[in-house]
Amino acid sequence: MSKIRIAVAGAGLIGRRHIELIRASSSCELAAVIDPFEIDATYLDSLGVSQYANLPACFAEDTLDGVILATPNALHVEQTLQCIEAGVAALIEKPVAHSVEEGKRLLAVADATGAKLLVGHHRAHSPILAKAREVIRDNILGGIVAVQGSALFYKPDDYFDAAIWRRQEGGGPILINMIHEIGNLRSLCGEIVAVQAMQSSAARGFPVEDTVCIGLRFENGALGSFLLSDSTGCARSWEQTSQENTSYPSYEDEDCYIISGKNGSLSVPTMRLKYYAKTEDRSWWKPFQTGLAKVERQDPLEIQLEHFCNVIRGTESPLVSVRDGLRNLIITEAISEAAKSGSIIEIDPI
């Protein structure tokens with residue numbers, strides 16, 4: 001089987017990680033790099049491919065099977081539309097769009113054309129989440145009743161000094177970080193239909209929020225609570241617990257999600273299980289059976305790339321569709337609205 005030819009648009013940090021994975025893959029090969037800014041000659045020479053300033057120039061000169069869009073958010077929709085017009089599959093880094101309206105515009109075209117599009121919520125490909133979904137499907141926990149989640153971490157001062165906009169509205173953890181968590185929680189517990197939130201900026205004193213308390217209601221009736229902060233010395237975040245990105249120190253005794261059902265609970269990502277041996281004899285007076293759901297860890301970005309190749313071949317459907325990516329964006333923006341208004345925001349179907 002011939003290798004899938006993939007170009008990467010955007011030669012920044014995440015773009016270079018995609019390039020690294022493509023070059024290590026047996027399923028695909030790097031066809032080109034697309035970036036309007038001059039790329040370091042030594043680095044480009046090491047890749048052995050051409051650089052193009054934009055997608056149309058690349059499409060005119062080269063034959064591609066797919067493009068990975070690792071470009072600024074504001075470019076995602078227009079560049080995806082260019083890929084659709086050229087008949088080239090696209091992996092769109094999250095968020096799928098820089099606004100809900102633009103996301104809906106893209107969804108309409110995607111549905112009308114049947115284009116092969118995958119949204120890069122790479123955590124969806126995590127073996128940890130796959131195992132958690134398996135535990136839930138196997139009904140070990142019983143019907144899901146509640147979920148507790150957290151993304152508690154400390155962004156250093158130079159993070160804000162490097163980009164002043166991060167101190168302003170829109171630069172806080174709701175719109176920057178929470179979209180990742182929404183994707184995870186939806187994949188584990190089902191569709192989110194309403195949100196409520198409170199926010200504070202007391203830790204840093206910036207105009208933007210630094211800490212948020214979020215309430216979630218799921219379609220199946222389960223409820224969730226979530227604590228989000230980029231200003232707390234705590235390790236209860238996905239990056240610091242999952243061990244999937246070695247750039248972050250990790251702590252094996254910490255969890256960031258606890259999923260509780262009628263019959264038991266699963267802590268993620270330690271994968272500690274507590275469940276009743278007999279469902280007809282459940283009581284807080286009764287001891288739990290305990291265990292671990294075993295997981296073989298693998299880089300989700302690597303799994304995502306292989307999945308993208310299969311989407312291009314037509315052997316798999318996108319795990320994260322444009323509709324999924326848009327739903328994550330809608331819910332995230334609803335949390336931001338709820339935090340400002342104090343109201344419960346109902347999430348309408350797309």
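A: Begin with one residue. This is a predicted model. Ala 163 has a relative accessibility of 12% and counts as buried, because the cut-off for buried is under 20% relative accessible area.

Q: Which domains does the assignment give?
A: The protein chain is assigned domain 1 (4-115) and domain 2 (124-298 + 330-346). Their C-alpha centres are 30 Å apart, and the contact takes four residues from domain 1 and four residues from domain 2. Separately, an unreviewed UniProt entry lists residues 4-121 as "domain: Gfo/Idh/MocA-like oxidoreductase N-terminal". Over residues 4-121 the chain is 43% helix and 25% strand.

Q: How do I read a sheet, and what is the strand order of the open sheet with six strands?
A: The general idea is that strands of a sheet pair through backbone hydrogen bonds, either parallel or antiparallel. Here the six strands follow the order S3-S2-S1-S4-S5-S6, and the pairing is parallel. Strand S3 (50-52) and S6 each have a single partner strand, so one side of each is left without a neighbour in the sheet. From one strand to the next the twist averages 25°.

Q: How many bridges join strand S1 to strand S2?
A: Strand S1 (residues 4-9) and strand S2 (residues 28-34) run parallel and are joined by six bridges. Within this pair, Arg 5 stands opposite Glu 29 in S2. Helix H10 (residues 300-313) packs on the sheet and touches S1, S2, S4, S5 and S6. The direction of H10 makes about 120° with that of S1.

Q: What is the order of the open sheet with nine strands?
A: The order is S14-S13-S12-S11-S7-S10-S9-S8-S15, and the pairing is mixed. At its edges are strand S14 (289-292) and strand S15 (345-346), each pairing on one side only. Strand S13 (residues 272-275) pairs with S14 in the antiparallel sense over four bridges, and Tyr 275 stands opposite Gln 289 in S14.

Q: Which strands does helix H8 lie across?
A: Helix H8 (residues 173-189) lies across S7, strand S8 (192-200), strand S9 (211-218), strand S10 (223-229) and S11. Its direction runs at about 150° to S10.

Q: How should I read the side chains along one strand?
A: In a regular strand the side chains alternate between the two faces of the sheet. In S9, Val 212, Ile 214, Leu 216 and Phe 218 point to one face and are buried. S8 and S9 run antiparallel with eight bridges, where Val 195 has Leu 216 as its bridge partner in S9. S9 also pairs with S10, in the antiparallel sense over seven bridges. Four residues lie between the strands in the hairpin of S9 and S10, and there Gly 221 takes a positive phi near 95°.

Q: What about a helix: which residues of H4 are buried?
A: An α-helix has 3.6 residues a turn, so residues three or four places apart point the same way. In helix H4 (residues 76-86), the buried residues are His 76, Val 77, Gln 79, Thr 80, Leu 81, Cys 83 and Ile 84. These pack against several elements, including helix H3 (55-61), strand S4 (66-69) and helix H5 (100-113). Just after H4, Gly 87 takes a positive phi of about 75°.

Q: How many residues does the largest nonpolar core have, and where does it lie?
A: In soluble globular proteins, nonpolar side chains tend to be buried together. The largest nonpolar core here has 100 residues, and those with the most contacts inside it include Ile 6, Val 195 and Val 322. Helix H11 (residues 322-341) gives the largest share, nine residues. Domain 1 (4-115) and domain 2 (124-298 + 330-346) both contribute residues, so the core lies between them. Beyond four places in sequence, the residues that Ile 6 touches include Ile 22, Leu 30, Ile 68 and Phe 308.

Note on methods: Residues numbered from 1 in each chain as written. Predicted model: local features only at pLDDT ≥ 70, side-chain atom pairs only at ≥ 80, totals over all residues. Heavy atoms only, no water. UniProt positions renumbered as here; feature names shortened; annotations may be inferred. Helix = DSSP H or I, 4+ residues; strand = E, 2+ residues; numbered from the N terminus. Core = buried A, V, L, I, M, F, W, Y, C linked by side-chain atoms within 4.5 Å. Buried < 20%, exposed > 50% of the residue type's maximum accessible area, 1.4 Å probe, protein only. Domains from an automatic or database assignment. Contact = heavy atoms within 4.5 Å. Pairing = 2+ DSSP bridges. Axes fitted to C-alpha atoms, helices over the stretch in contact; angles between N-to-C directions.
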